[in-house]
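I opened my notebook to write down, entry by entry, what I looked up in this structure and how each term was set.

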Amino acid sequence: MTKRNIDIPAVCDKDLRVILSDLGILNQFESYGFQCKYCNQQIGWHNLGAIAMVDSVLVFVCDSAECLDEASMRTEL
Ligand SMILES: [Zn+2]
């Protein structure tokens with residue numbers, strides 16, 4: 001099991017763009033193809049709170065305090 005956390009505040013949008021592009025999901029992300037793991041709202045650049053790699057699956061969390069609290073309380077995100 002590989003787990004890699006990407007802490008968004010430490011990564012500027014340009015770097016994140018490269019990361020998403022490397023993963024082949026930049027287009028999907030920019031067309032709002034991903035949802036917050038907790039509240040299921042669509043994630044875009046304007047409301048991206050956190051990203052984590054869990055078992056080779058990218059998990060997105062929005063920037064609401066509730067969801068970020070939820071994410072920080074769970075080691076598996
Ligand atoms: Zn959320």
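Before anything else I noted how elements are named: helices (H or I, at least four residues) and strands (E, at least two) are DSSP runs, numbered from the N terminus.

**Entry on the model.** I reminded myself that this is a predicted model, in which local features need pLDDT of at least 70, side-chain atom pairs count only at pLDDT 80 or more, and totals for chains, interfaces and linings use all residues. Residues are numbered from 1 along each chain as its sequence is written. I wrote down that pLDDT is the predictor's confidence in each residue, from 0 to 100. Where is confidence lowest, and where is it highest? I found the lowest mean, 59, in strand β1 (residues 3-6), and the highest, 94, in helix α2 (residues 26-30).

**Entry on the layout.** I listed 3 helices and 3 strands in the chain, and from the N terminus on their order is β-α-α-β-β-α. Two strands pair if DSSP finds at least two bridges between them, and I saw that β2 and β3 pair in the antiparallel sense over 6 bridges. In this pairing Leu-48 stands opposite Cys-62 in β3, while Met-53 has Leu-58 of β3 as its bridge partner. The hairpin of β2 and β3 has 2 residues between the strands, and Asp-55 takes a positive phi there, near 50°.

**Entry on burial.** I set out the cut-offs: a residue is buried if 20 or more other C-beta atoms lie within 10 Å of its own, exposed if 12 or fewer, and partly exposed in between, with C-beta atoms placed from the backbone. Of the 77 residues of the chain, 17% count as buried. I then returned to the loop between α2 and β2, which also holds Asn-40. Is Tyr-32 buried or exposed? Tyr-32 counts as exposed because it has 11 C-beta neighbours inside 10 Å, and Asn-40 counts as exposed because it has 10. Phi is positive at Tyr-32, near 60°, and at Asn-40, near 65°, and neither residue is glycine.

**Entry on the core.** A nonpolar core is a set of buried Ala, Val, Leu, Ile, Met, Phe, Trp, Tyr and Cys residues joined through C-beta atoms within 7 Å. The largest one here has 13 residues, and among those that touch the most other members I noted Cys-36, Ile-43, Phe-60 and Val-61. Two or more residues of this core come from each of β2 (48-54), β3 (57-62) and α3 (65-73).

**Entry on Val-61.** Val-61 lies in strand β3 and counts as buried because it has 24 C-beta neighbours inside 10 Å. Two residues are in contact if their C-beta atoms, placed from the backbone, lie within 7 Å. Leaving aside neighbours within four places in sequence, I found Val-61 in contact with several residues, including Cys-36, Ala-50, Cys-67 and Ala-71. Val-61 and Phe-34 are 27 residues apart in sequence, and their C-alpha atoms are 9.4 Å apart in space.

**Entry on Leu-23.** I found Leu-23 in the loop between α1 (13-22) and α2, and it is partly exposed because 14 other C-beta atoms lie within 10 Å.
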